[in-house]
Amino acid sequence: MSFSLIKIISCAIFIAEKKNNKILTMLLIDYAKTQLSKSQYIYIMMLSICLHEKNIFENDIFYKLLTVYIELYSTKICRSLILL
């Protein structure tokens with residue numbers, strides 16, 4: 001597991017929580033729980049919680065693109081996570 005996937009999943013969980021999209025948040029957490037090891041899951045959850053206190057990715061272009069992507073395609077993301 002690479003750090004980039006951990007970064008993507010933790011940022012996606014944070015953005016879904018910030019946008020108050022509870023279904024997407026639960027599906028992303030469930031995906032992380034089932035597809036990753038326990039230590040990676042804990043790291044993802046710690047990083048997403050830390051983003052609430054200080055968002056270090058706020059000015060990053062990756063974070064801005066992920067935010068727009070989740071806003072536009074949240075239903076498709078939910079559908080694909082359900083079908084996994």
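Let's start with Ile-29. Is Ile-29 buried or exposed? Its relative accessibility is 18%, so Ile-29 counts as buried. Buried means under 20% relative accessible area, exposed over 50%, and partly exposed in between, with a 1.4 Å probe and protein chains only.

A word on the source. This is a predicted model: local features need pLDDT of at least 70, side-chain atom pairs count only at pLDDT 80 or more, and totals for chains, interfaces and linings use all residues. Residues are numbered from 1 along each chain as its sequence is written, and side-chain values use heavy atoms, without hydrogens and water.

Back to Ile-29. It sits in helix H2. Helices are DSSP runs (H or I, at least four residues), numbered from the N terminus. What does Ile-29 touch, leaving aside neighbours within four places in sequence? Ile-13, Tyr-41 and Met-45. Contact here means heavy atoms within 4.5 Å. Ala-12 is 17 residues away along the chain, and its C-alpha atom is 9.8 Å from that of Ile-29.

Now H2 as a whole. It runs over residues 22-35, 14 residues. The expected span is 1.5 Å times one less than the number of residues. That gives 20 Å, and the end C-alpha atoms are 20 Å apart, which agrees. Buried in H2 are Leu-24, Thr-25, Leu-27, Leu-28, Ile-29 and Ala-32. Their cover includes helix H1 (3-18), helix H3 (38-53) and helix H4 (61-82).

Next, the packing. Two packed helices are described by the angle between their axes and the distance between the axes. Axes are lines fitted to C-alpha atoms, for helices over the stretch in contact, and angles run from 0 to 180 degrees between N-to-C directions.

H1 first. H1 and H2 pack at about 160 degrees, axes 8 Å apart. That makes H1 roughly antiparallel to H2, a term for angles over 145 degrees. From H1 come Ile-9, Ala-12, Ile-13, Ala-16 and Glu-17; from H2, Leu-24, Thr-25, Leu-28, Ile-29, Tyr-31 and Ala-32. By class, this contact of H1 with H2 has 9 nonpolar, 1 polar and 1 charged. Nonpolar covers Ala, Val, Leu, Ile, Met, Phe, Trp, Tyr, Cys and Pro; charged covers Asp, Glu, Lys and Arg; the others, Gly among them, are polar.

Then H3. H2 and H3 pack at about 150 degrees, with axes 8 Å apart. H2 and H3 are therefore roughly antiparallel to each other. Ile-29, Ala-32 and Lys-33 of H2 meet Tyr-41, Ile-44 and Met-45 of H3. That contact has 5 nonpolar, no polar and 1 charged residues.

Conventions. Helix = DSSP H or I, 4+ residues; strand = E, 2+ residues; numbered from the N terminus. Parallel < 35°, antiparallel > 145°, perpendicular 65-115°, else oblique.
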